[in-house]
Amino acid sequence: MGLRQAASVRAAQLPPDLRLRPGVPADRPAFLRGILREKLNPLALDPSRFTVAERGSGEHARVLGFGQIKPLGQQALELSTLIVDEAERGNGVGSALIASLAAQAGDTPLYLTTLATTAALYKRHGFEEIARGDAPPLLQLEYLIGLGVAWLVTRQRLVLMRRVGNSAAAQQQLGEQAAGSGGKGR
């Protein structure tokens, strides 16, 4: 299963001046800084799996956020490491990244683990909360390890989620719903 590079998101869904692009090796320091700042897992930083949201171009480009898709065995993917600069949260950057990453997954099941406080953002993009036993084995293991870490670091509950309705029509409908909600969220 080959992952497609950053799929295009309709221009109408992108906030003004926002550009999405595939991650490159030069992004690695920005990824690491964001991941450590947000107290996320710094392992598996393959820049080619990332999509980057930025404003500006060339040496004036400013990274506003990023996220990645990681394989979970042969039949599933994980949306992981979604980080948006604090000053840009609520401006549609996270929604644009989620839409792009979900489009890259196509019809392949897409899972994620998130904090309970950010689950609503993913629900607006077609994810639903699932029981641990409904997740692929590798994600179940990550979830079990993450439970204690998340509680110690954030005092929040972890949630497992799966994206439903990866068809093109469902993606368009979800994109319209997200755009109608103002793209608020992480």
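A salt bridge is a side-chain nitrogen of Lys or Arg within 4 Å of a carboxyl oxygen of Asp or Glu. With that in hand, welcome to a predicted model that holds 11 salt bridges. Side chains of opposite charge can pair when their charged atoms come close.

**View 1. Arginine 19 meets glutamate 54 in a salt bridge.** The N to O distance between the two side chains is 1.9 Å. Arginine 19 sits in strand β1 (residues 18-22) and glutamate 54 in strand β2 (residues 50-55), so this pair links distant parts of the chain, 35 residues apart. Arginine 19 counts as partly exposed because its relative accessibility is 38%. Glutamate 54, in contrast, counts as buried, at 3% relative accessibility.

**View 2. Glutamate 54 also forms a salt bridge with arginine 21.** Here the N to O distance is 3.1 Å. Because glutamate 54 lies in strand β2 and arginine 21 in strand β1, the pair ties together parts that are 33 residues apart in sequence. Both glutamate 54 and arginine 21 are buried.

**View 3. Arginine 162 and glutamate 128 form a salt bridge.** Their closest N and O atoms are 3.4 Å apart. This pair, too, links distant parts of the chain: arginine 162 belongs to strand β7 (residues 158-163) and glutamate 128 to strand β6 (residues 127-129), 34 residues apart. Arginine 162 is partly exposed, with a relative accessible area of 23%, and glutamate 128 is partly exposed as well, at 33%.

**View 4. Four residues come together in one network.** Arg19, Arg21, Asp27 and Glu54 are joined by salt bridges that share partners.

Key: Residues numbered from 1 in each chain as written. Predicted model: local features only at pLDDT ≥ 70, side-chain atom pairs only at ≥ 80, totals over all residues. Heavy atoms only, no water. Helix = DSSP H or I, 4+ residues; strand = E, 2+ residues; numbered from the N terminus. Buried < 20%, exposed > 50% of the residue type's maximum accessible area, 1.4 Å probe, protein only.
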